[in-house]
Amino acid sequence: MRRPWAAVVRHTRDVVPAGPEGLVWWLTLLASVGVTAVIPLLPLYAQEGGADLHTIGLMAAAYLVTNLLFLYAAGQLSDKVGRRPLMGVGLATYAACSLGFVIWTTPAGFITLRGLEGIAAACFLPAALAYVADRYPGTERGVRISQLAVAENLGLLLGPAFGGVVKTFFGMPALFILLTLMCVVGTLMVARLPHVPLADELPPATTSVGWRARLEEAVAPWRAARRVLLAGVWARATGAGFAFGLYLTVWPLFMRTLGASDWDVSLSWTMFAVPALIFGPMAGRLIDRHGPERLTVWGAAFSSVVVCSYALSGSVGVLIALCVLEGIGFAFSYPAQNTLVVQCAPEALRGRVIGLITGGRTLGTLLGALATPWLYAHGPLYAFGATSVICLAGAALLGLALAVEGRRRLAAG
């Protein structure tokens, strides 16, 4: 009778780490729940506050644009002052914005607050990933990064249901106040994280103050980076972001044409996130044993094929089953991609590299949110087919970059 429970306990320990990484795991879950709890509800809340469809579109754009603009700068700052301050600033900004949605309920307020939340996301998530990577430079890095990916996906699974329950029984202001309190507690908990010294890999500062010297000082660290591989990962992240832009805009409309209810739409997101909880520990062990390269490419290619198959489906049940299949590919490719990201550059550049790759994903999301509704107007196959091709192209470019990297290593060896 104890064996099933023992298996559950072991799996939980594989998913939720102990120590400082465990605290980062819970903070990441908190941030993910806070974001996903309001995504389905915020447009309705803004509409009740007098926002029209144009304003709601500007809200989405404000988040993506500020996130894109600040990701690299936030990563650079985390390389200089440490990961913990950026994590604290991100959570504190989330707290202030959540409270702001209760106080500043005008269309201009909604747009401004969403823009600030884009900056908060740029500060927190890359810094959290870099913090875990800093603490585990060795063989356990894949496991730890996979655990962080599980926390993000668990937030995707729990957030919409949590937000819906609180709104139904207590209203949207209560949800925002609760999220404010959660983020305040999270900000205070960041101070409990132990300090991880940053690597001193930057070259000595030059005594010259000329612009050429300053440019050389800025470019020098990047010469040690694996730039070809970095370009391949950026292409893959941009393609994945394009698909996410499709899901934010077209997906609910497409499911409605097949007779899906609001519950079915929410369930599709939940079922996409479930495989990460099941296969996350396995993905981490495979990454540490065999490397992240193959898992990233093949997982991305598998998910890309599933994206195209959505347009050929004729029932809601089949769509949800396909969401599970795509989620399996994502459960392996996403932590493998994150592990590959932290291998692209010296530790002194880690925050900037993570910000650059995450910026590619945000750029892809913005492009997907703009392009796929226009493609969908010509037919579902145009939207899903084009997205699948873009995702496959990103995976192919990453595979090409890995091949070039491998040849260079052989030539050097």
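Asp-79 and Arg-83 pair through their side chains in a salt bridge, 2.8 Å from N to O. The term covers a side-chain nitrogen of Lys or Arg within 4 Å of a carboxyl oxygen of Asp or Glu. Both Asp-79 and Arg-83 are buried. Buried stands for under 20% relative accessible area, exposed for over 50%, and partly exposed for what lies in between (1.4 Å probe, protein chains only).

This is a predicted model: local features need pLDDT of at least 70, side-chain atom pairs count only at pLDDT 80 or more, and totals for chains, interfaces and linings use all residues. Residues are numbered from 1 along each chain as its sequence is written, and side-chain values use heavy atoms, with hydrogens and water left out.

Helices here are DSSP runs (H or I, at least four residues), numbered from the N terminus. Arg-352 counts as buried because its relative accessibility is 7%. Asp-79, at 10%, also counts as buried. Shared partners join Asp-79, Arg-83 and Arg-352 into one salt-bridge network.

The salt-bridge count comes to three.

| Salt bridge | Closest N to O distance |
|---|---|
| Arg-114 and Glu-117 | 2.6 Å |

Arg-114 and Glu-117 both belong to helix 6, three residues apart, or about one turn of the helix. Both are buried.

Helix 6 (residues 107-135) also packs against a partner. Its axis comes within 11 Å of that of helix 2 (residues 19-38), and the two cross at roughly 165 degrees. Axes are lines fitted to C-alpha atoms over the stretch in contact, with angles from 0 to 180 degrees between N-to-C directions. Helix 2 and helix 6 are therefore roughly antiparallel, a label for angles over 145 degrees. Their crossing is left-handed, meaning that the near helix is turned anticlockwise from the far one by less than a right angle.

The surface has a nonpolar patch of about 500 Å², made by Leu-99, Ile-103, Trp-104, Ile-177 and Leu-181. Patch residues have over 30% relative accessible area and no salt bridge, and nonpolar side chains are joined within 5 Å. Helix 5 (83-103) and helix 8 (172-190) each supply at least two of the patch residues. Ile-103 lies in helix 5. Ile-103 is exposed, at a relative accessible area of 65%.

Methods:
Patch = residues over 30% accessible without salt bridge, like charges linked within 9 Å, V, L, I, M, F, W, Y side chains within 5 Å. Areas by Shrake-Rupley, 256 points an atom, 1.4 Å probe, with all protein chains shown as cover. Parallel < 35°, antiparallel > 145°, perpendicular 65-115°, else oblique.
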